[in-house]
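Me: I would like to go through some of the labels used for this structure and see what each of them rests on. Please set the value against the definition wherever there is one.

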Amino acid sequence: MEAVELARKLQEEATCSICLDYFTDPVMTACGHNFCRACIQLSWEKARGKKGRRKRKGSFPCPECRAMSPQRNLLPNRLLTKVAEMARQHPGLQKQDLCQEHQEPLKLFCQEDQSPICVVCRESREHRLHRVLPAEEAVQGYKLKLEEDMEYLREQITRTGNLQAREEQSLAEWQGKVKERRERIVLEFEKMNLYLLEEEQRLLQALEREEEETASRLRESVDCLDRQGHSLELLLLQLEERSTHGPLQMLQDMKEPLSRKNNVSVQCPEVAPPTRPRTVCRVPGQIEVLRGFLGKWAPRAGTSDPGSLGDAPLHPPASEAINGGGASALPGDGDWLFTVPS
């Protein structure tokens, strides 16, 4: 017990009364009390802000005895610095190894309260009926439990890392597949756009050739009919002029005009003009586009809401099918056919 009491006394001497910890850079005031330099300066800074004027300028009250002490008279206590360092490093003088209430070593462990206690606490009414173990034995048991818990946590960390690596790999693979699909979509539409552009040029050229061919025939017919009309007009003028002659003059040479009139025959065009161009626009796959669009906006059975999506796939009526379902016509326009690719 003498050793414990000595340790307690030494601990008190090495402890600052302001911060209740071992001295750090201890200084001594004019009244002989010791404090950490930072603690006493902080205490005096707080006192400076309080109301009321101090009796002497540059003097502050000691936190222990309230005696006035000049601030410039703080003296370093090197001996106390060494004592505090020894107390800080010595295991037997560690503050956490002593019971705060009884200042006895914490050699026991209360299993009910899960806290270390001293021998005096063990005999107190608070812990008398509790299960108590020696502190060393309790430490060994908790070390084993902590090792088991740490091993379990290490396994979970490893498992989590593996799962994270797998998910990151899956994410990278998925992003790679999406990138590949995106590039494929862009490429396919570029090819389709190129094909549609070429098909557009081909159809326009075919339509231009058809236009020129039909227009050439119609212009020939127009020229022929123009010459025919001009001949008829000349014959009409001759007959009108002869009709104005006198009776005897009119009767002379009547055979030629009458024969010319009997030989007149209006020549109609041999070929009737087409009612519409033969060149037809067939866009591959456009019927599927129309079906998909109409399928999104077709109302469900029994509803009139165009925003309600139909459940059944959209099929064109049989009356609209052309050539066995190979193509269907847009309503009201028989010139535009949309080929369904096989």
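Me: What stands opposite Pro26 in strand 2?

Reply: In this predicted model, where local features need pLDDT of at least 70, side-chain atom pairs count only at pLDDT 80 or more, and totals for chains, interfaces and linings use all residues, Pro26 stands opposite Cys36 in strand 2. Residues are numbered from 1 along each chain as its sequence is written, and side-chain values use heavy atoms, with hydrogens and water left out.

Me: What makes strand 1 and strand 2 a pair?

Reply: Two strands, which are DSSP runs of E with at least two residues, numbered from the N terminus, pair if DSSP finds at least two bridges between them. Strand 1 (residues 26-28) and strand 2 have three bridges, in the antiparallel sense, so they pair under that definition.

Me: Why do strand 2 and strand 5 stand at the edges?

Reply: The open sheet has three strands in the order 2-1-5, with antiparallel pairing. Strand 2 (34-36) and strand 5 (75-76) each have a single partner strand, so one side of each is left without a neighbour in the sheet.

Me: How is Met150 classed?

Reply: Met150, also placed in helix 5, has 33% relative accessibility and so counts as partly exposed.

Note on methods:
Helix = DSSP H or I, 4+ residues; strand = E, 2+ residues; numbered from the N terminus. Buried < 20%, exposed > 50% of the residue type's maximum accessible area, 1.4 Å probe, protein only.
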